[in-house]
Amino acid sequence: MKRLLLAFGLLFLSAALGAQSLPLLYNPGDPHSAALGGASVALEADAWALEHNFAAAALNPDQFAIGAAYGYWAPKPSADNRFSAGGWYRTGTFAVGLSAKGSFAQPYQAVTEFGEVKDKFSPIDYALSLGAAWSPAPGFALSATARMASSALSPEVTGAAFCADLSAMYSADAFTVGLSAFNLGGKIRYGDNAYALPTLVKGGLRYALTEFEATAEVDYLVGAGVMAGVGVEYWPFAVFVLRGGYHYGAADKGLPSFASLGAGLLLDGFGLDFSILLASPTLTGSAHLGISYRF
């Protein structure tokens with residue numbers, strides 16, 4: 001009983017502070033987007049395209065991409081361990097993809113209603129996604145993604161939900177515009193209580209040259225407010241990239257403000273990327289490391 005009350009207490013405290021359920025569904029989970037201040041809705045498709053804007057996969061010249069990443073999130077307040085993996089395959093104007101992501105919080109000591117100390121429990125959130133994209137006209141693409149999300153606050157307090165993403169992208173010359181709506185239509189139920197998933201609407205613009213790229217987006221997290229991100233990347237060499245960005249937010253908007261830096265290597269289709277977050281009381285030191293392959 002005490003363990004049950006603790007889990008519900010944590011959930012209600014998060015709601016009282018304005019936080020959203022399942023933050024895994026709107027926090028950056030890969031080194032590329034994290035290094036760009038979270039701005040990702042107008043990016044060219046990488047291995048994590050299902051988490052950004054999957055319509056980009058139907059416009060990408062590559063046929064296949066796959067990748068995996070590890071993240072160490074919010075070291076000071078929580079020190080969660082995170083993972084993400086994704087991939088897609090394009091044939092002609094169609095693309096299909098899969099992704100998985102998860103978060104493992106620090107364990108807490110479980111206690112029974114009789115005061116018996118039991119094994120520690122680590123709260124776990126994860127999500128699995130399946131997406132399809134189609135380009136009906138040159139430079140324009142649409143996508144739809146189905147997602148299953150699961151959350152376990154304690155062995156007794158668990159929930160699952162289903163939701164969908166809808167996205168569009170248009171690209172012409174050096175400019176790309178992206179628009180996405182994430183986590184539509186789902187609620188997660190813990191016991192007798194149901195909570196809306198964090199519905200997020202994103203709109204963004206990217207300007208890309210051979211050696212330089214800049215992207216910016218505005219996000220609306222339903223029930224929390226407006227956030228924004230901006231990022232740049234520079235390729236001083238054909239195989240090496242430097243990235244930086246800034247995200248505007250607040251604790252009551254779900255994702256606090258932070259600055260970001262990152263770097264990456266790309267050689268014969270193999271990629272290695274790293275990012276770190278700075279200038280945030282809660283997120284400074286958060287880092288992501290990812291590997292990928294595409295052709």
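Q: Helices are DSSP runs of H or I with at least four residues and strands are runs of E with at least two, numbered from the N terminus; with that settled, how many residues sit between β10 and β11 in their hairpin?

A: There are two residues between β10 and β11, and Gly191 in that turn has a positive phi of about 65 degrees. Before going further, note that this is a predicted model, in which local features need pLDDT of at least 70 and side-chain atom pairs count only at pLDDT 80 or more, while totals for chains, interfaces and linings use all residues. Residues are numbered from 1 along each chain as its sequence is written, and side-chain values use heavy atoms, with hydrogens and water left out.

Q: OK, and in which sense do β10 and β11 pair?

A: Strand β10 (residues 187–190) and strand β11 (residues 193–196) are antiparallel, joined by four bridges, where pairing requires that DSSP finds at least two bridges between two strands. Tyr190 has Asn193 of β11 as its bridge partner.

Q: What about β2 and β3, how many bridges join them?

A: Strand β2 (residues 80–91) runs antiparallel to strand β3 (residues 94–104), with eleven bridges between them, and Trp88 stands opposite Gly97 in β3.

Q: Switching to packing, which residues touch the most other members of the largest nonpolar core?

A: That core has 14 residues, and Ala45, Ala49, Phe54, Ala57, Trp88, Ala95 and Ala133 touch the most other members; a nonpolar core here is a set of buried Ala, Val, Leu, Ile, Met, Phe, Trp, Tyr and Cys residues joined through side-chain atoms within 4.5 Å. Helix α3 (residues 55–59) contributes the largest share of this core, four residues. Apart from it lies another core of twelve residues, including Leu22, Ala149, Ile188 and Tyr190.

Q: What is Ala45 in contact with, leaving aside neighbours within four places in sequence?

A: Ala45 is in contact with Ala56, Ala57, Asn60, Trp88 and Arg294, contact meaning heavy atoms within 4.5 Å.

Q: How many aromatic pairs turn up in the whole structure?

A: The search finds eight aromatic pairs, a pair being two rings of Phe, Tyr or Trp (its six-membered ring) with centres within 6.5 Å, counted as stacked if the planes are under 30 degrees apart, edge-to-face if over 60 and tilted for the rest. For Tyr108 and Phe121 the ring centres are 6.2 Å apart and the planes stand at 70 degrees, so this pair is edge-to-face. The pair links distant parts of the chain, with Tyr108 in strand β4 (residues 108–111) and Phe121 in strand β5 (residues 117–121), 13 residues apart.

Q: Are Tyr108 and Phe121 buried or exposed?

A: Both Tyr108 and Phe121 are buried; buried means under 20% relative accessible area, exposed means over 50% and partly exposed lies in between, using a 1.4 Å probe and protein chains only.

Q: Why is the pair of Tyr293 and Phe295 called tilted?

A: The planes of Tyr293 and Phe295 are at 50 degrees, with ring centres 6.1 Å apart, so the pair counts as tilted. Tyr293 is partly exposed at a relative accessible area of 27%, and Phe295 is partly exposed as well, at 45%. Phe64, Phe270, Tyr293 and Phe295 make up one aromatic cluster.
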